[in-house]
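Please have your viewer open and follow along.

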Amino acid sequence: MDEAGLLVPLTVDEDPSLPSISVNGTQLHAESFGNPDDPILIVLHGGPGGDYRYLLNCAEFVNDGFFVVMYDQRGSGLSKRHDANIYTMQLFIDDLNAVINHYKKDSTQKVFLLGQSWGAMLATAYVNQHPETIGGLVLAEPGGFRWKETKDYIKRFMEIHLFDETSNDYVYLDQFITGDDHRVLDYKASLMAAADFADGNKTGVEGLEPYWRFGAITNKAAMDYAEKHGFDFTTNLNQYNTKVLFVYSELNKAYGKTHAEKVSSAYPNVQMEEIMGHGHEMTYFGWDKFYPLAKNYLNEVK
């Protein structure tokens, strides 16, 4: 089990055959699809600490005239791992800015962002600092744009029962797999994530979606940073007058229309849509409903 690649997949700095880009002092697992001269659509995954494998459906936007870019955020998926003490909210924003600059050919090429969950929060954090650079936004169920509303949302769906099946499985395995390196912690994080789609989960997640590798340190470091420093991604959103597509899901009982209206109200111009019959991971399980909405919106603002 100590052999590299057996417990969890290798990262881009360990396996040179993986597609990657080097930006902002790190190496990110990244892929692009379509014509590089077309308007750019950057797809941002959830987490922090998830990866873009479950969002690969979004490559379909190539057929709508977009150059689609996906990357695993710093320390997530198959991207390079870093120590916890480097993480700040600004670092994620700076990484996204570096990715945009890596692919953007000139100042006339339009850039659009599509984010799910934490990815939608990151997209908003970016627009809050660079409102003039983004041509449109698709936001799928961001937890919140301020720390307090995000924390309140998390409390509504995250409950740990000490003696339920998921907790027992995690503790049982801990007898045999111990350690504090990225490899072991990422593996343990994947076990804990099983609770996200267990029967009766409040976010309406229907099952296990595809992923490569969790970023345990990234997730913990980002949450610790938010708890200590807070954040407010709305301070400049009144400067962003382009219509935003904001979608939420019917089956996420911790979210709902009330929270969707509260979070989306930070934007001056919003098209809000509910994805019926699906939960928080609607971009994967509800792709047949999500895609037409996003496609129509992107073609409208393109």
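In which sense do strand S3 and S5 pair, and over how many bridges? S3 (residues 40-44) and S5 pair in the parallel sense over 5 bridges; strands are DSSP runs (E, at least two residues) and helices are too (H or I, at least four), numbered from the N terminus, and two strands pair if DSSP finds at least two bridges between them. This is a predicted model, in which local features need pLDDT of at least 70, side-chain atom pairs count only at pLDDT 80 or more, and totals for chains, interfaces and linings use all residues. Residues are numbered from 1 along each chain as its sequence is written, and side-chain values use heavy atoms, leaving out hydrogens and water.

**The sheet**
- An open sheet of mixed pairing is formed by 8 strands, in the order S1-S2-S4-S3-S5-S6-S7-S8.
- At the edges are S1 (20-23) and S8 (270-275), each pairing on one side only.

- In S5 (residues 111-116), 6 of 6 residues are buried, meaning under 20% relative accessible area with a 1.4 Å probe, protein chains only.
- Val111, Leu113 and Gly115 point one way from S5, while Phe112, Leu114 and Gln116 point the other way.
- Opposite Leu114 of S5 stands Val43.
- S5 also pairs with S6 (residues 136-140) in the parallel sense, over 5 bridges, and Leu137 in S6 is the bridge partner of Leu113.

**Further along**
- S6 and S7 (residues 244-249) share 4 bridges in the parallel sense.
- Ala140 has Val247 in S7 as its bridge partner.

Notes: Buried < 20%, exposed > 50% of the residue type's maximum accessible area, 1.4 Å probe, protein only.
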